[in-house]
Amino acid sequence: MNKSLVNQLPRIAQLCSALLFFCLAGPVKADVILHAFNWTYTDVKNKATEISNLGYKAVLVAPPLKSSKTGCQWWQRYQPQDWRVIDHCLGNKESFVAMINALNAKGVVVYADIVLNHMANERNGATDFPGSAALNDYANNRTYWNKQTLFGNLDNGLLSGWDFHEAKCINDYNNVWQVQNWRLCGAYPDKGLPDLDPNNYVVETQRSYLQGLKNLGVKGFRVDAAKHMTNWHINQIFTATIKQGMHVFGEVITGGGTNTSDYQNYLGPYLNGTDHDAYDFPLLNAMRNALQPSGSMATLDNPYSNGNALAGDRAVTMPITHDIPTNDGFRYLIMNTTDEHLAYAYVLGRKDGAPMVFSDKTGTDNNRWVDDYKQSDIKAMVKFHNRVKGQGQESVWADNCVVAFRRGKEGVVGINKCGEERWIKLNTNEKYYWYRNYVDSLSGDTFSIDASVKWIRIPARSARLWAAS
């Protein structure tokens, strides 16, 4: 063997060890995430080049499972009939795989919304899934269904009455046991969504489902209705093998930060009892409160320190999610359009969290969020986020109207919620590039550093994301 190669063996072994650790330690969490809510898989596939060019690194898509095709309401995707096949009005397994391949070719990964807490509210409260009509369809159209099969034997049923909790409706959302063992129900006499009992068969089946999706190339899971599942159930499903290389985050809606009962009952225990990330609803509430006339933007200077944000490495951050406009109980969280986009500037400008952009295809609220992913200001914010990714963050200014911070030497973020322009001071000692233009990603306004103190302007009701040119 070549002597020089022998001398390099220890170094080669060290590099291989480091590479192995990187591969086993988990994913580099994709950032920024596009929530393609209620998009068809084919529509996502056809926009793969555009999505990549805009700077998105992951796309969260509709739950891949079998659900009703009747009417194609968005909520039907969240009422599973069968996990073994992918087939609903937004696509099937064939279009799902084609979408994954198209996005992967552009350097974008797919996250799947998954529903593991319950099954569909149908057939007068039936708990045999997928039901005799579906099994007959599987048998009579084997060629089609074989192409849509993710795992399992379609000659047999999936679930029976033994696989569910008792048929009682949640009536007290402060009762953790009820919330995690009883059904989500509408108004009486609605029988509700059959709530799964995490027996050995259910857990093994759910593991097979997630492993099947992972085998197709899915790189992340959004856990729907996570507050309605026990941590024991969740941790039984999400084995180390399933989680390896995946970004897993849960939907646990709270009305505030660590001092609220829903945080203490649900989100806090979820974060403490699993290694998953979660939607940062504490930060969403903090942004909404700060942007109101009576609020103070200074509260956004370091929201984690006062319990109003999740730790940055556990947070998926956002000003809006699909649950907010589509559920009457959460519509109070909707911000006006200007405030929402100021909040986008905040989550896309800051260092902490994996920001998510909601882009809706249901047309709710007069198409307000349709094609938001490519609005000019959000496009510019995503570009800025990617430009300064990995840079540190330091506070620059914080008062009732303005919060501002720098991102290393590479960028400065300033957000002014008030109705008049504001000027903020930068103390520039070795913290910025001198004699280089900083260009605002939104307006093109520029400034340059040529003194130890620099005052910069933020117009009324506006954000500025300056990046060094």
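Is tyrosine 138 buried or exposed? I looked this up before anything else. Tyrosine 138 is buried, with a relative accessible area of 2%. I take buried as under 20% relative accessible area, exposed as over 50%, and partly exposed as in between (1.4 Å probe, protein chains only).

**Entry: the model**

I am working on a predicted model, in which local features need pLDDT of at least 70 and side-chain atom pairs count only at pLDDT 80 or more, while totals for chains, interfaces and linings use all residues. Residues are numbered from 1 along each chain as its sequence is written, and side-chain values use heavy atoms, with hydrogens and water left out.

**Entry: aromatic rings**

I paired rings of Phe, Tyr and Trp (its six-membered ring) if their centres lie within 6.5 Å; planes under 30 degrees apart count as stacked, over 60 as edge-to-face and the rest as tilted. By this rule I get 21 aromatic pairs. One of them is tryptophan 83 with tyrosine 209, a stacked pair at 6.1 Å centre to centre with 25° between the planes. This pair links distant parts of the chain: tryptophan 83 is in the loop between β2 (58-61) and β3 (87-88), and tyrosine 209 is in helix α8 (residues 200-216), 126 residues apart. For the element names I used DSSP runs, numbered from the N terminus (helices: H or I, at least four residues; strands: E, at least two). Tryptophan 83 and tyrosine 209 are both buried.

I then went back to tyrosine 138. Its ring and that of tryptophan 145 have centres 4.9 Å apart and planes at 65°, so I list the pair as edge-to-face. Tryptophan 145 counts as buried because its relative accessibility is 4%. I also noted one aromatic cluster formed by Phe37, Trp74, Tyr78, Phe358 and Trp369.

**Entry: charges over rings**

Arginine 123 lies over the face of phenylalanine 129, 5.3 Å from the ring centre. Lysine 361 lies over the face of tryptophan 39, with 5.2 Å to the ring centre.

**Entry: disulfides**

How many disulfides does a search of the whole structure find? I found three, taking a disulfide as a pair of cysteine sulfur atoms within 2.5 Å.

The sulfur atoms of cysteine 72 and cysteine 89 are 1.8 Å apart, and the link is right-handed, with 70° about the S-S bond. Cysteine 72 lies in the loop between β2 and β3 and cysteine 89 in the loop between β3 and β4 (91-92), so the pair ties together parts 17 residues apart in sequence.

For cysteine 169 and cysteine 185 I have 2.1 Å between the sulfur atoms. The torsion about their S-S bond is about -85°, so this disulfide is left-handed. Cysteine 169 is partly exposed, at 29% relative accessible area, and cysteine 185 is partly exposed at 27%.

Cysteine 401 and cysteine 418 have their sulfur atoms 1.9 Å apart, and their link is left-handed, with -85° about the S-S bond. Cysteine 401 is in the loop between β11 (393-398) and β12 (402-407), and cysteine 418 is in the loop between β13 (411-416) and β14 (422-427). Both cysteine 401 and cysteine 418 are buried.

With bonded cysteines counted along the chain, I wrote the pattern down as 1-2, 3-4, 5-6.

Notes:
Lys NZ or Arg CZ within 6 Å of the ring centre and 35° of its normal.
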